[in-house]
Amino acid sequence: MQQSMKRQTIWKIVLMTVMMIINLILVSGLYVYAAQEDGISVNRVYEIAQETSLKAEDNQDAEEIASLHVGDSVIVTEYTSGEWCKVMSGGKEGYILITSILSEGDFDELDKEFESVRNDYINSYEESLMLEQQQKTSRIWGGIIVGLVIAIFLVGIVSALSKQRKSKESKDAT
């Protein structure tokens, strides 16, 4: 029973975490603004157009944090100047040249994907609750059946003993 409650608690935590992530993404989308000159939007997904380095600061001489390859996705988190923007990729945050960015991603697709993941978690959670309820019901019915079988045996034993006693009393009376 404790294990099922632990499982239920874990599912609740997972579901709440997913909901918080979705809310964070939706709320952060409210603060989107575009850079005037280059059309770079903050909090949008972009694709890397050419091999580039993720830098610790917005200049060529800064330390390289990671290498980004053609096709990698990045989220622009800040527009810093005419040629640099702050991005997040693979859990790392740093700066890249705007010329490295190919095209804007589609947040609608991400929203659909997050909604799909959310629905999968909800369905899994509801399914686990239903299975837990079925197991509980099965245990209850199992207990009832065992109780009835024991009662039937007891009635049979009492009936047999009563019959034996009556037969003994009738022998004693004759």
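Buried here means under 20% relative accessible area, exposed means over 50%, and partly exposed is anything in between, all with a 1.4 Å probe and protein chains only. By that rule Val42 is buried, at a relative accessible area of 4%. What you're looking at is a predicted model, where local features need pLDDT of at least 70, side-chain atom pairs count only at pLDDT 80 or more, and totals for chains, interfaces and linings use all residues. Residues are numbered from 1 along each chain as its sequence is written, and side-chain values use heavy atoms, with hydrogens and water left out.

**The overall layout**

- The protein has two helices and seven strands; these are DSSP runs numbered from the N terminus, with helices being H or I of at least four residues and strands being E of at least two.
- Of the 174 residues in the protein, 21% are buried.
- Take the contacts (heavy atoms within 4.5 Å) between residues at least 6 apart in sequence: 56% of them join residues at least 24 apart.
- The protein exposes about 12,500 Å², and carbon and sulfur atoms supply 58% of that; accessible areas come from the Shrake-Rupley method with a 1.4 Å probe, and for residues only the protein chains shown count as cover.

**Patches on the surface**

- A patch is built from residues with over 30% relative accessible area and no salt bridge, joining like charges within 9 Å and nonpolar side chains (Val, Leu, Ile, Met, Phe, Trp, Tyr) within 5 Å.
- For charges, Lys and Arg count as positive and Asp and Glu as negative, while His and the chain ends are not counted; the place of a charge is NZ of Lys, CZ of Arg, CG of Asp or CD of Glu.
- One surface patch is negative, and it gathers Glu57, Asp58, Glu63, Glu64, Glu78, Glu83 and Glu93.
- Glu63, one of that group, sits in the loop between β2 (52–55) and β3 (64–68), and it counts as exposed because its relative accessibility is 59%.
- There's also a nonpolar patch, formed by Ile145, Val146, Val149, Ile150, Phe153, Leu154, Ile157 and Leu161, with about 770 Å² of accessible area together.
- Ile145, from this nonpolar patch, belongs to helix α2 (residues 107–173).

**Along helix α2**

- A salt bridge is a side-chain nitrogen of Lys or Arg within 4 Å of a carboxyl oxygen of Asp or Glu, and by this rule the count is one.
- The side chains of Glu115 and Arg118 meet in a salt bridge, at 3.1 Å from N to O.
- Both Glu115 and Arg118 lie in helix α2, three residues apart, or about one turn of the helix.
- Glu115 counts as partly exposed, with 35% relative accessibility.
- Ser128 is in helix α2 too, and is partly exposed at a relative accessible area of 22%.
- Ser128 and Gln8 are 120 residues apart along the chain, yet their C-alpha atoms are separated by 7.9 Å.

- Val42 is in the loop between α1 (2–28) and β1 (44–48).
- Most residues other than glycine have a negative phi.
- Asn43 isn't a glycine, but has a positive phi of about 65°.

- Thr52 lies in strand β2 and is buried, with a relative accessible area of 15%.
- Not counting residues up to four places away in sequence, Thr52 touches Ala66, Ser67, Leu68, Ile96 and Ser100.
- Ile75 is in strand β4 (residues 73–79) and is partly exposed, with a relative accessible area of 30%.
- Leaving aside neighbours within four places in sequence, Ile75 is in contact with Asn43, Arg44, Val45, Lys86, Val87 and Met88.
- Ile75 and Glu47 are 28 residues apart in sequence and 8.7 Å apart in space, C-alpha to C-alpha.
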